[in-house]
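Opening the notebook on a new model today. I want to go through helix packing, then the chain contact, then each chain by itself.

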Amino acid sequence: MQELGKAEHKSVRVTPKSENRVVIEKDLSSEEMILNMGPQHPSTHGVLRLECKTDGEVVIEAEPYLGYLHRCFEKHAEMVDYPGIVPFVDRMDYLASMNNDFAFCITVEKLLDVEIPRRVEFMRVIVAEINRIASHLVAIGTYAIDLGAFTPFLFCFRDREHMLNLLEWTSGARMLYNYILIGGIAYDFPKGFKQRTAEFVKYFRPKALELQKLLTENEIFVKRTKGVGMMPADVAVNYGWSGPMLRGSGVDWDLRKEDAYSIYPELDFKVCVPDGRFSNIGDCLSRHLVRAMEMEESLNIIEQCLEMMPEEDGFDPKAAIPKRIRPKAGEVYGRAENPRGELGFYIQSDGKSTRPLRCKARSSCFVNLSAMKELSHGQLIPDLVSIIGSIDIVLGEVDR
Amino acid sequence: MSTGALLPNSFPFVMSTSLNTWSDALSELYLFGLPFGLIIIAAIPLVFIALYALTYGVYGERKISAFMQDRLGPMEVGKWGILQTLADILKLLQKEDIVNKSADKFLFVIGPGILFVGAFLAFAVLPFGPAFIGADLNVGLFYAIGIVALEVVGILAAGWGSNNKWALYGAIRSVAQIVSYEIPAAIAILCGAMMAGTLSMQQFNLLQQGEYGFLHFFLFQNPIAWLPFIIYFIASLAETNRAPFDIPEAESELVAGYFTEYTGMKFAVIFLAEYGSMFMVSAIISIVFLGGWNSPLPNIGPLSLNDWTTGPVWGAFWIVMKGFFFIFVQMWLRWTLPRLRVDQLMHLCWKVLTPFAFVAFVLIAVWEVYVK
């Protein structure tokens with residue numbers, strides 16, 4: 001029987017020897033189909049283009065093509081002075097502009113040796129963590145919509161609106177803030193901001209629970225994500241993954257702890273790593289869980305910061321900003337934990353100019369996306385959508 | 001078109017002499033030698049589909065989804081946005097009717113037509129109350145299931161004719177899904193047919209008539225009837241491509257599935273067909289298990305609620321309301337649940353629903369033969 005089975009298997013391939021056996025197969029060409037996904041596709045989160053080689057519904061290989069949103073950030077950065085780069089940084093990961101500003105400013109400050117007022121540090125962490133929650137809400141919401149659940153998406157955006165209002169109130173802009181400046185912050189918090197933020201934290205906790213019940217514990221959602229897009233920890237590290245993606249693979253790595261920048265070492269929060277009880281470690285569900293848990297942790301951080309933040313009347317947040325930002329000669333790499341992972345800036349200064357000689361951005365989404373080929377091999381098209389959603393790319397940062 | 005001849009002699013209830021009177025009278029109406037009444041009979045379901053799709057299907061769904069999602073929904077056109085659907089139709093009418101250069105023109109054009117015809121023909125055997133039915137066939141239920149399956153041809157024609165890979169994926173998924181889910185759906189319906197002993201739609205209704213209202217419905221007449229009821233409801237979701245089985249038109253995967261390339265009125269016709277078949281499956285489930293046009297209210301002592309709410313107009317009211325209730329549940333599910341994957345869908349059909357449908361079939365057969 002086994003012999004027969006083997007012979008049958010061989011006959012599928014059309015070779016000259018078995019010509020007389022598979023006449024029908026010869027007329028039916030059964031090659032793979034190239035399926036172009038994107039750049040205009042609802043679930044590529046922007047203008048990502050995937051060239052999928054498909055065999056029926058199974059994706060044999062998915063090759064990402066980038067560059068549809070390339071805006072020459074690095075070249076622009078060489079053309080403007082340091083404070084002028086901040087608005088460009090805003091536009092990289094447009095869902096987490098505060099965090100981008102934060103990463104860029106602490107990088108330049110490393111070259112500058114400026115003393116940052118303590119209140120400014122707290123303000124920075126508060127706005128960055130608010131923005132982290134907002135960004136994770138978009139990630140979770142769009143992930144839900146990728147899997148066909150429309151309502152969680154709108155719930156997420158409803159709650160995100162409150163955060164955008166808060167940030168707009170203090171910075172004047174809804175998405176692209178230009179709020180965290182090198183050596184300071186643009187404006188002090190308006191009167192009542194602390195109270196409003198505390199109210200928001202109180203409002204958001206039950207909403208996060210509602211989201212968990214509606215989406216995370218939904219059986220269909222778990223079925224669609226559990227065990228899909230598995231990424232072992234060692235491979236994830238080799239690909240240079242960071243942020244929720246790496247933690248989803250079970251690696252306890254958070255730059256807020258590892259690098260201990262700003263006032264993070266003073267705060268009490270834990271690094272969210274899934275324990276493998278609800279999800280298989282390294283799958284799409286783990287990555288989703290990390291984001292959901294991180295929102296809770298960010299709420300804790302905000303609460304602590306609001307409590308610990310020193311109050312000063314007539315505080316000038318711009319006091320520490322140097323008149324002319326001209327860093328000493330040298331090079332520096334600074335990084336911060338963004339909602340999507342490690343955002344790093346490599347800056348080279350010649351010590352004479354007010355403009356950087358070279359400014360390179362290490363984008364977290366770009367690095368996370370690089371594992372697409374590995375993740376997509378042999379997956380179904382719906383699973384491919386699920387995987388892209390779990391990577392949580394923002395094409396503005398991928399292409400810069 | 002007399003129904004008396006179709007009924008068995010041992011029919012348990014007093015045969016209502018007013019059955020199908022309106023449609024019978026209409027079918028004998030001739031004007032200038034033309035069967036004008038027959039045209040009216042055909043036009044009534046058509047007008048009904050159009051009106052219900054406009055009001056409840058589009059506007060209602062948008063408002064219901066808005067209610068569930070904590071937002072307002074359409075508010076701009078008219079008071080509370082009631083004219084929104086009208087604006088949508090005007091927009092669709094103005095749209096350019098694009099046919100791809102590379103499309104198979106014949107299939108592309110005929111696809112939505114077949115789809116709509118399949119959905120619309122089923123309405124011929126749908127009783128809009130005790131006095132009105134297009135054609136009281138003695139195989140009405142069988143006909144309805146069969147003719148709705150015609151939609152598969154339309155979907156395949158639309159998907160293949162579009163010459164678009166995404167549309168083709170949608171069409172193939174859709175055909176696989178609808179053909180698969182017809183099996184548990186048909187077996188579940190067969191359970192109802194066993195309880196009734198007939199396939200005629202009007203007789204289904206008559207058999208569930210009685211002074212105790214909902215207690216006479218087949219769902220409450222048999223202890224296992226809830227099983228085929230649930231199976232048919234789930235399968236009907238899949239057959240009409242509604243969430244969580246909206247895999248053929250999964251907007252986040254396949255953009256729009258088999259109708260990706262359609263514009264303007266062709267697109268509208270596809271939607272009309274979808275809403276038509278949504279109502280059809282809802283009507284079938286309410287006829288087979290929930291008494292169709294019979295009032296669910298029981299007579300309680302001197303309050304003869306059932307008698308007061310029975311009649312041709314009340315019948316139309318009840319069947320439409322029951323249908324709308326199931327459509328509401330369909331919408332509710334759509335705005336709550338994520339989408340299943342293709343293989344999970346097939347797993348649910350072949351390994352869960354079909355075996356359970358067989359179990360229900362056997363149990364109900366045993367009950368009907370030995371217990372009742």
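At what angle do helix α6 and helix α13 of chain A pack, and how far apart are their axes? Before answering I note that this is a predicted model.

**Entry 1: the helix pair.** I looked up α6 (residues 118–146) and α13 (residues 284–308), both in chain A, and got an angle of about 160° with the axes 9 Å apart. Angles over 145 degrees count as roughly antiparallel, so α6(A) is roughly antiparallel to α13(A). I also checked the hand: the crossing of α6(A) and α13(A) is left-handed.

On the α6(A) side I have F122(A), V125(A), I126(A), E129(A), I130(A), R132(A), I133(A), H136(A), A139(A), I140(A) and Y143(A). The α13(A) side brings H288(A), R291(A), A292(A), E294(A), M295(A), S298(A), I301(A), I302(A), C305(A), L306(A) and M308(A). Sorting the residues of this contact by kind, I get 15 nonpolar, three polar and four charged.

**Entry 2: where the chains touch.** How many residues of chain A are in contact with chain B? I find 26 from chain A, against 22 residues of chain B. I then asked which elements of chain A supply at least two residues each to that side, and the list reads β1 (33–37), α6, α7 (151–171), α9 (219–225) and α16 (381–391). So far as kinds go, the side of chain A that touches chain B has 16 nonpolar, five polar and five charged residues. I note that α6 of chain A turns up here and also in the pair with α13(A).

**Entry 3: chain A by itself.** I count 17 helices and nine strands in chain A. Its C-alpha atoms fill a box of roughly 90 × 50 × 35 Å along the principal axes. Of its 400 residues, 48% count as buried. I also looked at contacts between residues at least 6 apart in the sequence of chain A: 70% of them join residues at least 24 apart.

**Entry 4: chain B by itself.** Here I get 15 helices and two strands. The C-alpha trace of chain B spans about 65 × 55 × 45 Å along its principal axes. How does its radius of gyration sit against that of a compact globule? For 372 residues the globule would come out near 21 Å, and chain B has 21 Å, so the two agree. Buried residues make up 48% of the 372 in chain B. Among its contacts between residues at least 6 apart in sequence, 78% join residues at least 24 apart.

How values were computed: Residues are numbered from 1 along each chain as its sequence is written. Chains are lettered from A and ligands numbered from 1 in the order in which they are written. This is a predicted model: local features need pLDDT of at least 70, side-chain atom pairs count only at pLDDT 80 or more; totals for chains, interfaces and linings use all residues. Helices (H or I, at least four residues) and strands (E, at least two) are DSSP runs, numbered from the N terminus. The radius of gyration is taken over C-alpha atoms; the globule rule is 2.2 Å times the number of residues to the power 0.38. A residue is buried if 20 or more other C-beta atoms lie within 10 Å of its own, exposed if 12 or fewer, and partly exposed in between; C-beta atoms are placed from the backbone. Two residues are in contact if their C-beta atoms, placed from the backbone, lie within 7 Å. Axes are lines fitted to C-alpha atoms, for helices over the stretch in contact, and angles run from 0 to 180 degrees between N-to-C directions. Angles under 35 degrees count as roughly parallel, over 145 as roughly antiparallel, 65 to 115 as roughly perpendicular and the rest as oblique. A crossing is left-handed if the near helix is turned anticlockwise from the far one by less than a right angle, and right-handed if clockwise.
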